[in-house]
Amino acid sequence: MFDKLAAVETRYVELETLLVSPEIIGNRKEFTKLSKERSGIEQIVHSYRAWKELQEQINGNKSLVHDADEDVRAMALDELPGLRAENDVLEAQLKILLLPRDPNDDRNVLLEIRAGTGGEEASLFAAELFRMYTRYAETRRWRVEILSSSETGLGGVKEIIALIEGQGAYSRLKFEGGVHRVQRVPETEGSGRIHTSAVTVAVLPEADEVDVHIDDKDLKIDVFRSSGPGGQSVNTTDSAVRVTHLPTGSVVSCQDEKSQIKNKAKALKILRSRLLERAQAEQHASIAASRKSMVGTGDRSERIRTYNFPQSRVSDHRINLTLHSLDKILEGEIDALIDGLITHYQAELLQTAH
């Protein structure tokens, strides 16, 4: 491990030298690439340097244990347990920092939420989940842009797709994909019977144009008139766009904008991210079994979490975590869930690494 850390530090020093050279400063693309690489290893290097300083302190204290002065010996012996405990914490942190990094972690997120079983109740909860993620994004100062939505007449959503832009968005939200189940008494239920509904969530890393090339000849583009809940006209022009990717059969419709060009751009953004997800899923098929044993596959058919309103309880079934703070969670306070999932994932990775 420490040979690897030394090599990372050497590379970090190289990058710092390169980033102040006129050749690199004058090459915007290369400068951005190297800056991103340096940023990716900065925390590892800082922790490694802190560990090296700590080793000097420990070795210094060990030498003082044999000092002629009794008070110096006592002080050195007294400090050693604390220094060793700090060393254990730093080494555990370094092991986690050296784990293979998900290349998508720094990407923005395409969040897709769809009402599943449960009719209008599922649509209402889909809207609540979207609000939960929006509030969470606000706390982290991420930007949320709705790309496509299909609302119901009672304030729910059948489907909503949004782009969440911000540092580390995918790294924090990537385990949110799957089936979210809600248990509560609907307002329309006179007998007080608890209903169970389901909402599916998909979290896709945003794809850049360089990641996925889409050939125009592979696309079928249809335009139609936008409509809102209950068929009410949103506008009177054929501004809505439906894009079909012929090789995969993937279909994306966008009608939120009044401009056909803007709707087409949004539809292509969604399509590009779906194609990237598809390509990466095929690429990672060989490790699917190990990933499934960690915190789930992110498969939209996998039930990952239950929100129980009568008991104010939220349970994540993948890591057996239950929190009795439903109101706060729906207000976007989901760090405890996300941190639990990340910690579990890292622990599983550490086990497979040995």
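**View 1. Thr-244 and its bridge partner Val-251 in strand β8 of the predicted model.** The bridge partner of Thr-244 in β8 is Val-251. The structure shown is a predicted model. Strand β7, residues 240-245, is joined to β8 by five bridges. These two strands run antiparallel.

**View 2. The open sheet of three strands, β6-β7-β8.** The strands of this open sheet follow the order β6-β7-β8, and their pairing is antiparallel. Which strands stand at the edges? They are β6 (219-224) and β8 (250-254). Each of these has a single partner strand, so one side of each has no neighbour in the sheet. From one strand to the next, the twist averages 15 degrees.

**View 3. Helix α1, residues 2-18, seen along its length.** Helix α1 has 17 residues, which at 1.5 Å a residue should span 24 Å. The expected span counts one less than the number of residues. The C-alpha atoms at the ends of α1 are 24 Å apart, in agreement with that value.

**View 4. The buried and exposed residues of helix α1.** Leu-5, Val-8, Glu-9, Tyr-12 and Leu-15 of α1 are buried. They cover an arc of only 120 degrees around the axis, which means that they lie on the same side of α1. Asp-3 and Thr-17, on the other side of α1, are exposed. The cover over the buried residues of α1 includes α3 (28-64) and α4 (70-97).

**View 5. The largest nonpolar core, with 39 residues.** Within this core, the residues with the most contacts are Leu-111, Ile-113, Leu-173 and Tyr-307. Elements that each supply at least two residues of the core include the strands β1 (109-115), β3 (157-165) and β5 (195-205). The helices α5 (119-139), α6 (169-173), α9 (326-330) and α10 (335-353) also each supply at least two. The most comes from α5, which gives eight residues.

**View 6. The surroundings of Ile-113.** Neighbours within four places in sequence are left aside here. Ile-113 is then in contact with Ala-126, Leu-129, Phe-130 and Tyr-133, among others. Its contacts also include Lys-158, Glu-159 and Ile-160, as well as Val-199, Thr-200 and Val-201.

**View 7. A second, separate core of 19 residues.** Among the residues of this core are Leu-19, Leu-54, Leu-80 and Leu-90.

**View 8. The whole chain, for orientation.** The chain has 10 helices and 11 strands. Of its 354 residues, 41% count as buried. Among contacts with a separation of 6 or more, 61% are between residues 24 or more positions apart.

Terms used: Residues numbered from 1 in each chain as written. Predicted model: local features only at pLDDT ≥ 70, side-chain atom pairs only at ≥ 80, totals over all residues. Heavy atoms only, no water. Helix = DSSP H or I, 4+ residues; strand = E, 2+ residues; numbered from the N terminus. Buried < 20%, exposed > 50% of the residue type's maximum accessible area, 1.4 Å probe, protein only. Arc of directions from axis to C-beta. Contact = heavy atoms within 4.5 Å. Core = buried A, V, L, I, M, F, W, Y, C linked by side-chain atoms within 4.5 Å. Pairing = 2+ DSSP bridges. Axes fitted to C-alpha atoms, helices over the stretch in contact; angles between N-to-C directions.
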